[in-house]
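Welcome to the tour. Keep your viewer open and follow along, one selection at a time.

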Amino acid sequence: MGIREEATKLHESGHNCAQSVFTSCREMTGLDDKLALAISGGFGGGLRVGEVCGALSGALMAIGTVYPYDDCNNAEAKEKIAALAKEVCRRFKEKYGCLRCNDLKANDVNCAELIEFTAELAQTIINENK
């Protein structure tokens, strides 16, 4: 099963958009489903208040797990995650015109489409930077 299908399966089973994207990236992050679901639980629905798209947040969590900036003295890691986050946001905004959940919904963008696109985008960005 591909990452798009896995993310869709998670969403259809009742998980939110962030959980669906982040957890579908398990092979890249090395996290078990229970931990990934717990970490991303509060990010669905744009932080539950319609702000940054939860699917996008899930993708950024996966990328941050694979390319961690966990030492404030590591300038290289800081620069890398900043560049990767900007690239993910650029590609997402290029396709959908905005990053906010409420704006995406106002533009009639389907959450299932966002989840599939963003799971695949996370996978692509991670693979491009190996």
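How many helices and how many strands are there in the chain? Color by secondary structure to find out: the chain has nine helices and zero strands. Bear in mind as you look around that this is a predicted model.

**Stop 1: the whole chain**

Select everything. Following the sequence, you will read the pattern α-α-α-α-α-α-α-α-α. The radius of gyration is 14 Å, close to the 14 Å that the globule rule gives for 130 residues, so the chain is as compact as a globular protein of that length. Of the 130 residues, 41% count as buried. Now think about the contacts in the chain with a separation of 6 or more: 61% of them are accounted for by residues 24 or more positions apart.

**Stop 2: helices H2 and H9**

Next, select residues 17-24, which form helix H2, together with residues 111-128, which form helix H9. The two helices pack at an angle of about 30 degrees, and their axes are 9 Å apart. Angles under 35 degrees count as roughly parallel, so H2 is roughly parallel to H9. The crossing of these helices is right-handed.

Which residues meet here? Show side chains for Cys17, Ser20, Val21 and Ser24 in H2, and you will find them meeting Ile115, Thr118 and Ala119 in H9. By class, this contact of H2 with H9 has four nonpolar, three polar and no charged residues.

**Stop 3: Gln19**

Stay in helix H2 and select Gln19. Is Gln19 buried or exposed? Gln19 has a relative accessibility of 12%, and buried means under 20%, so Gln19 counts as buried. Leaving aside neighbours within four places in sequence, display what Gln19 is in contact with: Ser24, Leu37, Ser40 and Gly41.

**Stop 4: Tyr96**

Now move to helix H7, residues 75-96, and pick Tyr96. Tyr96 counts as buried too, at 10% relative accessibility. What is Tyr96 in contact with, once neighbours within four places in sequence are left aside? Select Leu104, Val109, Glu113, Leu114 and Phe117 to see these partners of Tyr96.

How values were computed. Residues numbered from 1 in each chain as written. Predicted model: local features only at pLDDT ≥ 70, side-chain atom pairs only at ≥ 80, totals over all residues. Heavy atoms only, no water. Axes fitted to C-alpha atoms, helices over the stretch in contact; angles between N-to-C directions. Helix = DSSP H or I, 4+ residues; strand = E, 2+ residues; numbered from the N terminus. Parallel < 35°, antiparallel > 145°, perpendicular 65-115°, else oblique. Left-handed = near helix turned anticlockwise from the far one by under 90°. Contact = heavy atoms within 4.5 Å. Nonpolar A, V, L, I, M, F, W, Y, C, P; charged D, E, K, R; others polar. Buried < 20%, exposed > 50% of the residue type's maximum accessible area, 1.4 Å probe, protein only. Rg over C-alpha atoms; globule rule 2.2 N^0.38 Å.
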